[in-house]
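This briefing covers selected features of the structure below. They are grouped by topic.

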Amino acid sequence: MFRLVEDSGSDTVTLRIEDREYAVPAGISVAAAVLLCGVDKVRNTPVTDSPRLPYCMMGICFDCLMRIDGVPNRQACQVEVAQNMTIEYQQGAAELLQQE
Amino acid sequence: MKSHYQLLVIGAGPAGLAAAADAARLGIDVALIDEQIAPGGQVYRNVGAAGDRVKDYLGRDYLRGERLVDEFLQSGATYINNAPVWYLDERLETGILLDGASHFISADRLLLATGAQERPMPLPGWQLPGVMTAGAGQILLKSAAMIPSGRLVLAGAGPLLLLIAWQYLRAGVKIEAIIDTAPGSGLFETLPCLARALPALDYLLKGLSFMLAIKKAGIPVYKAIDNLRVEGRESIESVRFNTVRGKSGTEISIETDTLLLHQGVIPNIRLPLAAGCKVEWDAQQQDWKVAKDIWGQSSVDRVLVAGDCAGIVGARAGELQGRLCALESAHQLQKIDLEQRDRVAKGIKRSLQRQLSIRPFLDALYAPAQAYQLPHDETLVCRCEEVNAGQIRQAVRMGCVGPNQVKAFTRCGMGPCQGCLCASTVAALVADETGASMEQVGYFRVRPPFKPITLGELADS
Amino acid sequence: MEYDFIVVGGGLVGSSIAYGLARQNYKVAVLDGGDRSFRASRGNFGLVWVQGKGADFAPYAQWTGQAADLWPELVAELANKTGIGIDYQRSGGMHFCLDEAEWDERVQEMEKVREHTYGSFEYEMLDHAQLKKHIPQISSAVLGASYSPQDGHVNPLYLLQALQQGMDYHQVDYFPGQALDRIEAKQGGFFAHSTQGTLSAEKIAICAGLNNRRLGEMLGMDIPVVVDRGQIMITERLQPFLNLPTLHVRQTAEGTVQIGYSHEDVGLDDGTSPSVLQKLASRAVSMFPLLARVGLVRAWGALRVMTPDHNPIYQQSVTCPGAFTVTCHSGVTLAAMHAGPVAGWIAGSDEPDLINRFSTDRFNVSPG
């Protein structure tokens, strides 16, 4: 559970997390954005199907893997939010993309 | 961007920034490579763009980063951002991923300043949503101006935990409790080190002021605890632990939405190992250090190291080490003579000594607790492949004498993080089960890619 | 003598043989290397492969065929004794041909192997359209493939673990982290001296991979071991899409995709090189374009234990009878042979038909 420090008045971008639309500050990472929007998980693990949220925020734990703009297994803490971005939970192992 | 530089610096934290800036001013053709979009590393993350309120909460030390970044940006050094290093080997060709394509850069001298990572702190339930590192909390504050909004508990030991507690208090975050896991040794046992740490008096006073602020805010601080665990089904619901006072203890449970963990930081030695640098085990700090001299020269001819990646020294000392590396590089590359190098270095070395004087005291005060180095059998050690401590102990009992064999049989360390979060725990477990020393046990073999790269990106390189 | 047998080497070869001996109730000790030893077992691709083997050496074609047939029994037995599943599947396997010349050469090799095995080797040449039915993701760069239903794959690390647990089940004494100094033949047996102490046994089997030459020499055996480096890569986990292994691309039971491999003459260097990794990635992507966006997790080099003609060596010492050396680079495919007939040969209870064809005599130039 996180919130913005008051009056961090930066620009916002609109994006979708699963089937809902959100407005988040521009320039933050996808991991920060999903935490701000209060999701309960970013993925389910491939081995035991357990839920995870971001852990280290610096790109070494690989727990924040999400499907971003259709591409699976992306580290959400390494990707900056963008207008009209689609963000989805990573369910287990990544699917082989069916188109290039 | 060229394919060759006289000096290639990897990492835009304080050590890398200072080294690159000074190197450029000394006439070296230098490039600084960093994976992030803006300079600052982790300690000065986003310092160029953070809002005034955030900067206020973070405190004055963060602002030093602003000056350092400006110094670098004005120095004339080449800056290559958004460029993670995916490949490095003993031939010292550095492979970066830039705009979806791989490029190789060679250099007369390579300076590794890749910083530190949090020491993993495995405990039952640490993989549940809502559990993060203290460093993660800091990154959210620095780069996204975000603070915890629900209930918050901090657990662990180390200056960073104090720091973030103080920063959060300034930002109006309500902290339910601080669970102090530092083993036994209080201020009293560490007094001998304290005397030697007095040259860094300002640092000590700062720490004291943090502790006072926490006390003043009335935050419950629990010391001398054990059996710390996280409870919850789909996410964290509470932390539970036992207080150990005299003969009796009490079990305490604290409901919370967020738990931030911290057990100090450890050097990120992956690139130094990839380059073939010799490392040494530091029994006091319980981590591996890169062998180097005062100038940052490693055991490998053309490779220098500076900052936390060689051994934990902190931001200020890292910056000074970076400056010494720049001087040494300039001398090795024949831009300055020995006399000039030594003359300019004098003041830097004095300041560095002062900064380093706090370390033994901090190491003694905040030694990592055994419970998180040798977790219970059911605790996850490898978060990626979900291997627990019991499985690792079992593998050792079946004859695995080292971490690489343990990995082969349990898959621990085979996931995408490639051992970042489990390497230290696996080695500690093997040492404990076999009675061998950490030097004998060794560490996971490091292999590329050191940052993610796709097959297509590699194929097109 | 303390033991009936000492087996030097705890990789796939040594463990199979030690397991096979212990299974017959012999008292066995295994001396194994340390955590950082070269360990060809860690560079194995996991193929239980029949097709193409022994095209130029009939005994190997027959030997491999027998080995593959014994596999299912070994898997069941190990699962029973150790509870370890090793993800073995006799799924069939593909060897891609990228142009007409490769295709023609392949047909010839397949026919030779069929001949050598008196028709028991089964294969089929698949053109692109037929191949695409088995593997829809294949690109047009692949002309076709040779397919054998007798090929399969396994997790080589789990196999090694299962063999080691199997050894434990049969009370083998396992000594890891050994640096073997010398071996002496005396008093009707053998003494193995390491920094940790000395072990003695009636017979000894040297299965120490790259160390076979040095150790074999001590016991009157001239074992020509050739080092060959292969680089391999492995991807992140993916949902299952490829259910049979191909020579260079194999999806494991965990969902990761293994991509191989090179053959390099670089001496004792198990490092990686960007140019080779680039070639491996390029080849994989040209055959499976959908792999382009898949992330790489690890790349490494491993040293194969090759012989001059690539066929195994099974040698008993002439000057020190009771001392044996086993050298091969297909420790997985031959595992069941090693646990069965070869262990029997070492124990003196069996003399497999073909085993003499694999002695080092074949490397000696005949006089005159």
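How many residues does the contact take from chain B and from chain A? It takes 37 residues from chain B and 30 residues from chain A, where two residues are in contact if their C-beta atoms, placed from the backbone, lie within 7 Å. The model is predicted: local features need pLDDT of at least 70, side-chain atom pairs count only at pLDDT 80 or more, and totals for chains, interfaces and linings use all residues. Residues are numbered from 1 along each chain as its sequence is written, while chains are lettered from A and ligands numbered from 1 in the order in which they are written. Helices (H or I, at least four residues) and strands (E, at least two) are DSSP runs, numbered from the N terminus.

**Contact of chain B with chain A**

- On the side of chain B that touches chain A, at least two residues each come from α2 (52-58), β7 (116-118), β8, α4 and β9 (146-148) of chain B.
- The largest share of that side, six residues, is supplied by α4(B).
- By class, the side of chain B that touches chain A has 17 nonpolar, 13 polar and seven charged residues. Ala, Val, Leu, Ile, Met, Phe, Trp, Tyr, Cys and Pro count as nonpolar, Asp, Glu, Lys and Arg as charged, and the others, Gly among them, as polar.
- Strand β1 (residues 2-4) of chain A runs antiparallel to β9(B), and three bridges join them. Two strands pair if DSSP finds at least two bridges between them.
- Within this pairing, A:L4 stands opposite B:M146.

**Open sheet of chain B**

- Five strands of chain B form an open sheet with parallel pairing, in the order β8-β16-β10-β11-β12.
- Its edge strands are β8 (131-133) and β12 (221-222) of chain B, each of which pairs on one side only.
- Strands β10 (residues 152-157) and β11 (residues 175-180) of chain B run parallel and are joined by five bridges. B:G156 has B:D180 of β11(B) opposite it.
- Helix α5 (residues 159-170) of chain B packs on the sheet and touches β10, β11 and β16 of chain B. The direction of α5(B) makes about 155° with that of β10(B). Axes are lines fitted to C-alpha atoms, for helices over the stretch in contact, and angles run from 0 to 180 degrees between N-to-C directions.
- Helix α4 (residues 134-144) of chain B lies across β8, β10 and β16 (258-263) of chain B, at about 80° to β8(B).

**Residue B:G16**

- B:G16 lies in helix α1 (residues 14-25) of chain B.
- With 31 other C-beta atoms within 10 Å, B:G16 is buried. A residue is buried if 20 or more other C-beta atoms lie within 10 Å of its own, exposed if 12 or fewer, and partly exposed in between; C-beta atoms are placed from the backbone.
- Leaving aside neighbours within four places in sequence, the contacts of B:G16 are B:V9, B:I10, B:G11, B:L32, B:A113 and B:G322.

**Helix crossing in chain C**

- The axes of helix α1 (residues 12-23) and helix α8 (residues 335-347) of chain C come within 8 Å and cross at roughly 60°.
- α1(C) and α8(C) are therefore oblique to each other; angles under 35 degrees count as roughly parallel, over 145 as roughly antiparallel, 65 to 115 as roughly perpendicular and the rest as oblique.
- Residues of α1(C) that meet α8(C) include C:L12, C:I17 and C:L21, and the α8(C) side includes C:H338, C:V342 and C:I346.
- This contact of α1(C) with α8(C) has eleven nonpolar, four polar and no charged residues.

**Strand β1 of chain C**

- Five of the six residues of strand β1 (residues 3-8) of chain C are buried.
- β1(C) runs parallel to strand β11 (residues 197-206) of chain C, with five bridges, and parallel to β2(C), with four bridges.
- C:F5 has C:K203 as its bridge partner in β11(C) and stands opposite C:V28 in β2(C).

**Backbone geometry**

- A cis peptide bond, with omega about 0°, joins B:P448 and B:P449. B:P449 lies in the loop between α16 (438-441) and β23 (453-454) of chain B.
- B:N82 is not a glycine but has a positive phi of about 50°. B:N82 is in the loop between β3 (78-80) and β4 (85-87) of chain B and is partly exposed, with 16 other C-beta atoms within 10 Å.
- C:N25, also a residue other than glycine, has a positive phi near 70°. C:N25 is in the loop between α1 and β2 (28-31) of chain C and is exposed, with 10 other C-beta atoms within 10 Å.
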